[in-house]
Amino acid sequence: MYLGGGEGGLYLELIELLESHYPDFKVNHRIEPSSDLAQRITQEVEGGDSSTDLFLSVDAGSLGFVAENGAATKLSKNALEPVPKPFRGKRNRWVGIAGRARSIPYNTKKFSASEVPSDIFAFARENQFKNAIGWAPTYEAFQAFVTAMRIIDGREKTRQWLTGVQNQSVSRFRDEWFISNAVADGEVDVGFANHYYALRVQASRPKAPIEIAFTKNDAGALVNVAGAAIIQGTEKEQLATNFVRHLLTVEAQEFFATKAFAYPMISGVPPVGGLPRVDELAPPSIDLQKLSNLEPTLSLMREVGVL
């Protein structure tokens, strides 16, 4: 198994549970960033020397890259049916196993819920956010969000947003866990982050003044997924399929929800932490597989000085 970084440690914990339950089941894994593994998989399959059976990625873009380059095989119907269509790959080459929503973590001492805009573009123009925002532009999840904005709203509007947020004297962080802690500490008032980071801060610091809000029908409300793809040419396709089905059982989905604070991908498991269900959010209409087209986003971010 190639295991994309980010939530890799949590996935390993689940894998260990399965290994303890099935004595004859053993996973050999390699952990690297999802984008690096996606490149490696396509090169290995193209060269005919792949020995990998399964790819678990923390983002749909990397899964899409593998699928579009002919390195993923078609998943069986029973590995796809539990998951809503927006969270499956084109031609059924990958399937989501855990969801994450873009959100606005905010300090409750600085803003009320009604004061947090439901329009992502408001953060680039409203004076109340001057010297108040935190972002992590080198973080993969942020780059996927900007890619979604570029696809939905076009390059020029995305450029204006990036420049506008820069002009707000935005604070820069290494990743979105640091952003969420900075919001809780009052170092910044709001930030851009996946939803579960604020929930993890709340879990570790119950009295921290942090909540999350969601924008509506724009890239700021993107719901991305971690997912699984079976590698083209594997000799263990049935075993890999069974593993994917295990990831979509109630028990595994409850693990993702309670351990990672992720959005479950099956209807029988609710999210935790007072989150709205996925179907109660207002994400943009976008093919998640298109998030694999990252290079134009990086080029734009370099042009405006974000990277």
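Predicted model: local features only at pLDDT ≥ 70, side-chain atom pairs only at ≥ 80, totals over all residues.
I started with who lines the largest cavity: three nonpolar, two polar and two charged residues. (Ala, Val, Leu, Ile, Met, Phe, Trp, Tyr, Cys and Pro count as nonpolar, Asp, Glu, Lys and Arg as charged, and the others, Gly among them, as polar.)

Numbering runs from 1 along each chain as its sequence is written, and side-chain values use heavy atoms, with hydrogens and water left out.

Then I looked up the names: Arg-100, Arg-102, Ala-141, Ala-144, Asn-194, Leu-222 and Asn-224 line the largest cavity. (A cavity is a set of points on a 1 Å grid over the protein atoms alone where a 1.4 Å probe fits but cannot get out; lining residues have an atom within 4 Å of a point.) I got a volume of about 40 Å³ for this one. (Volume is the space filled by probe spheres set on the points, which are joined across faces, edges and corners.)

Strand E4 (95–107) and helix H4 (140–153) each give at least two residues to that lining. (Both kinds of element are DSSP runs numbered from the N terminus: helices are H or I with at least four residues, strands E with at least two.)

Next, the second largest cavity, at about 30 Å³. I found Arg-102 in its lining too, along with others including Phe-145 and Gly-220. E4 gives the most here, with three residues. By class, I noted five nonpolar, two polar and one charged.

Terms used. 1 Å grid on protein atoms, 1.4 Å probe; cavity = no way out; pocket = protein on both sides within 12 Å on 5 of 7 lines; lining within 4 Å.
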